[in-house]
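Let's take a friendly walk through a protein model. Keep the sequence and the picture open while you read.

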Amino acid sequence: MHRQLLIKKLLRYTRNLLIFFFASTLLTVIIYRFMPVYITPLMVIRSVQQIFSGDKPTWKHTWVSFDKISPNLPMAVIASEDNRFAEHNGFDFVEIRKAMKENKTRKRKRGASTISQQTAKNVFLWPKSSWVRKGFEVYFTFLIELFWSKERIMEVYLNSIEMGNGIYGAQATAQIKFGTTAAKLTRGQCALIAATLPNPIRFNSAKPSPYILKRQKQILRLMNLVPKFPPEEKTIRKQQGKNKKTKKEQ
């Protein structure tokens, strides 16, 4: 009898915990569809790591809207990180199959994470890879693909991604590395930033190594081949909507 009561309590506790998890994560994803993301787990973790290593915590981050980011930057990260970003639903199964095949013979395993998966990880999870984190990553990727537009995913990605030691997002990177704003980043600068993303702590886009300069050239070439993002017709419709709104206000 006592055992049955204990099992019932445990099941009820588990049920309530699951309900709370799904409700809270769903609400957070919906809120972040509209609100800027000013803080991420990665920013907090890096600050703690800096404290434990005896350094002063560095946290440079300024949120800017998508229309205040150079259109070259999304093109550069798509060319570098996720060629089929505009087409897939969060998971690029073509790249996953390629990675699985190549990893059978490669010493250094390569991943196939999409920009959507990286955004889910950056905003909701922790950096250290594990099967548990991968499971949560799949869950959050599904949610943001369901509730956010591709443009919103890209906006959050470009504002939250680590781009240097204590540097997060396009605006902070533009100011610190190139002395400009995210809106004024050149095509070449955007390609340099994208080239460093696999390891932004090791590689510096402001002082590129020969390897990064080589990657920059590859990315610049690929930028001419990947589909324009966001699609031109969507940009035109958005601008027409803004023009109508302006006319009404006048």
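## Helix 3 meets helix 9

Helix 3 and helix 9 are oblique to each other, a word for any angle left over once under 35 degrees is called roughly parallel, over 145 roughly antiparallel and 65 to 115 roughly perpendicular. The angle here is about 40°, and the axes of helix 3 (residues 72-81) and helix 9 (residues 187-196) are 8 Å apart. Axes are lines fitted to C-alpha atoms over the stretch in contact, with angles from 0 to 180 degrees between N-to-C directions. Helices (H or I, at least four residues) and strands (E, at least two) are DSSP runs, numbered from the N terminus.

On the helix 3 side, Asn72, Leu73, Ala76, Val77, Ser80 and Glu81 touch Arg187, Cys190, Ala191, Ile193 and Ala194 of helix 9 (contact means heavy atoms within 4.5 Å). Sort the residues of this contact and you get seven nonpolar, two polar and two charged. Ala, Val, Leu, Ile, Met, Phe, Trp, Tyr, Cys and Pro count as nonpolar, Asp, Glu, Lys and Arg as charged, and the others, Gly among them, as polar.

## What kind of model is this?

This is a predicted model, where local features need pLDDT of at least 70 and side-chain atom pairs pLDDT 80 or more, while totals for chains, interfaces and linings use all residues. Residues are numbered from 1 along each chain as its sequence is written, and side-chain values use heavy atoms, leaving out hydrogens and water.

## Helix 5 meets helix 7

Helix 5 (residues 115-124) and helix 7 (residues 150-160) pack at about 55°, with axes 9 Å apart. Their crossing is left-handed. Among the residues in this contact are Ile115 and Val123 of helix 5 and Met154 and Tyr157 of helix 7. By class, the contact has six nonpolar, five polar and one charged residues.

## Rings and a cis bond

How many aromatic pairs does the structure hold? There are 13, counting rings of Phe, Tyr and Trp (its six-membered ring) with centres within 6.5 Å; planes under 30 degrees apart are stacked, over 60 edge-to-face and the rest tilted. Phenylalanine 66 and phenylalanine 229 are an edge-to-face pair, 6.4 Å centre to centre with 85° between the planes. Phenylalanine 66 lies in the loop between strand 1 (60-61) and helix 3, and phenylalanine 229 in the loop between helix 10 (210-223) and helix 11 (232-249), so the pair ties together parts 163 residues apart in sequence.

The peptide bond from phenylalanine 229 to proline 230 is cis, with omega near -10°.

Definitions and conventions. Left-handed = near helix turned anticlockwise from the far one by under 90°.
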